[in-house]
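Subject: Structure handover

Hello,

Here is the structure for you to look through. Please open it next to this email and follow along.

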Amino acid sequence: MQDEDSFALVDALAANLEAWQRCPPRLCLEVGCGSGYVVCSLALLLRQAGAAAQLLATDVNPRAAAATAQTLAAHQVRDRVDIVLADLASALLPSIAGLVDVLVFNPPYVPTPDEEVERGGIAAAWAGGERGRRVADRLLRLVPALLSPRGEMFLVAVHENDPPELMQLMEAAGFEARVALQRSADEERLTILHFRRRPGETAGAAAAAAAGGAAAAGAAGAAPAPE
Amino acid sequence: MKLLTHNMLQCHIKGVKNGYPLKIEAEKVEEREQDYEPDFLRHIFPRINWDALREGAAAMGIDDLPESASEELLEDDEFLKKFHHALLEVHLEEGALVCPETGRKFPVSDGIPNLLLQEDEC
Ligand SMILES: C[S@@+](CC[C@H](N)C(=O)[O-])C[C@H]1O[C@@H](n2cnc3c(N)ncnc32)[C@H](O)[C@@H]1O
């Protein structure tokens with residue numbers, strides 16, 4: 001099944017329902033919302049948790065944005081989620097720095113030649129460049145700026161993306177990293193990674209995030225098109 | 001697009017220094033009721049750029065927000081309800097967001113703002 005990645009991600013999110021009941025997220029962001037299945041499921045979960053939360057979703061593909069709007073409307077949660085056509089979170093930084101409580105990304109993760117990533121279009125749904133990491137790595141650099149002090153991130157990865165290395169990268173950036181879920185589907189070995197700020201580093205990291213927001217936004221803007 | 005989202009968007013064209021706030025050109029505005037959640041409002045208030053919210057609201061025909069707002073007002077139910085309405089219940093369905101520095105227009109259609117940049121802009 002080609003949607004196993006999104007199903008696995010939603011299963012990992014659903015396992016957090018109780019935690020979110022105790023400590024409701026306020027602002028959530030999905031990058032690369034595609035069909036809208038994940039952000040819609042998250043909105044429904046948060047409603048179930050009784051969380052007073054607002055959600056944002058971005059994608060680079062206008063068709064994905066339209067599909068997401070339809071999915072949300074069909075489940076009566078269109079007004080909980082604003083959709084923005086943008087590269088990663090670029091248009092939202094630095095204003096959104098330090099505000100995202102739950103960040104979700106199912107990136108294009110299939111290893112491809114790097115040119116395919118830059119070509120955009122429909123290939124943007126899967127083309128991940130070298131090791132399938134080109135797009136995911138760009139977002140990971142923004143995560144310290146984006147997340148709130150209590151913020152957490154869920155990331156889909158496959159074996160070729162080297163999940164242990166992704167965990168090390170985030171640990172070095174001040175996060176706790178764990179495998180939330182692992183599943184084999186077809187030829188893919190899927191891992192859902194869960195990152196959260198390491199307790200104790202929270203205050204400093206949040207301050208750095210707020211201060212570093214502008215720099216992060218600059219980096220995001222500079223990354224996509226080589227001059 | 002809600003004014004909450006507008007409050008967090010900026011023009012990120014390379015070299016632009018004053019890309020915030022984006023000016024709203026409204027062609028079609030819809031008001032839709034949303035659950036009144038003071039917890040969310042109190043949480044987000046300190047991070048809301050009030051002038052941007054007020055300007056955006058005015059462009060969408062909402063002009064009952066006070067000129068300035070401070071944390072004390074968060075105890076005032078009447079204020080919270082106005083804040084709630086402007087922030088979450090007024091949607092820009094069709095129109096554009098305009099960069100205050102370059103005049104670049106980002107179209108909004110079916111409630112979705114398009115902030116994607118051309119290659120020569122990034
Ligand atoms: C693997 S799909 C995610 C599928 C989605 N979770 C679903 O349930 O349909 C990756 C998505 O990321 C989007 N995408 C790719 N590059 C992006 C970028 N730089 N910024 C935002 N979205 C991007 C693609 O258009 C695609 O919709």
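Below are notes on the sheet in each chain and on the contact between the chains. Keep in mind that this is a predicted model.

Chain A

Start with the sheet in chain A. It is open and has seven strands. Their order is β3-β2-β1-β4-β5-β7-β6, and the pairing is mixed. Which strands stand at the edges? They are β3 (81–85) and β6 (175–185) of chain A. Each has a single partner strand, so one side of each is left without a neighbour in the sheet. From one strand to the next, the twist averages 15°.

Now zoom in on one pair. Strand β1 of chain A covers residues 27–31, and strand β2 of chain A covers residues 54–59. They pair in the parallel sense, over five bridges. Look for V31(A): opposite this residue stands T58(A) in β2(A).

Next, find helix α6 of chain A, residues 134–146. Helix α6 lies across β1, β4 (100–105), β5 (147–158), β6 and β7 (188–197) of chain A. Its direction is at about 165° to β5(A).

Chain B

Chain B also has an open sheet, with four strands. The order is β1-β2-β3-β4, and the pairing is antiparallel. At the edges are β1 (23–31) and β4 of chain B, each pairing on one side only. Strand β3 of chain B (residues 105–109) is joined to β4(B) by two bridges. S109(B) has I112(B) in β4(B) as its bridge partner.

Where the chains meet

How many residues are in contact? On chain B there are 31, and they touch 37 residues of chain A. Together the two chains bury about 2700 Å², with 55% of it on carbon and sulfur atoms. Which residues of chain B lose the most area to chain A? They are M8(B), R47(B) and I112(B), together 23% of what that side buries. I112(B) is also the bridge partner of S109(B).

There are four salt bridges between chain B and chain A. One to look up joins R32(B) and D79(A), where the closest N and O atoms are 3.0 Å apart.

On the side of chain B that touches chain A, the elements giving two or more residues are α1 (3–6), α2 (38–44) and β4 (112–113). The largest share, four residues, comes from α2(B). By type, that side of chain B divides into 13 nonpolar, nine polar and nine charged residues.

Best wishes

Key: Residues are numbered from 1 along each chain as its sequence is written. Chains are lettered from A and ligands numbered from 1 in the order in which they are written. This is a predicted model: local features need pLDDT of at least 70, side-chain atom pairs count only at pLDDT 80 or more; totals for chains, interfaces and linings use all residues. Side-chain values use heavy atoms; hydrogens and water are left out. Two strands pair if DSSP finds at least two bridges between them. Axes are lines fitted to C-alpha atoms, for helices over the stretch in contact, and angles run from 0 to 180 degrees between N-to-C directions. Contact means heavy atoms within 4.5 Å. Buried area is the accessible area (1.4 Å probe) that two parts lose on being put together, summed over both. A salt bridge is a side-chain nitrogen of Lys or Arg within 4 Å of a carboxyl oxygen of Asp or Glu. Ala, Val, Leu, Ile, Met, Phe, Trp, Tyr, Cys and Pro count as nonpolar, Asp, Glu, Lys and Arg as charged, and the others, Gly among them, as polar.
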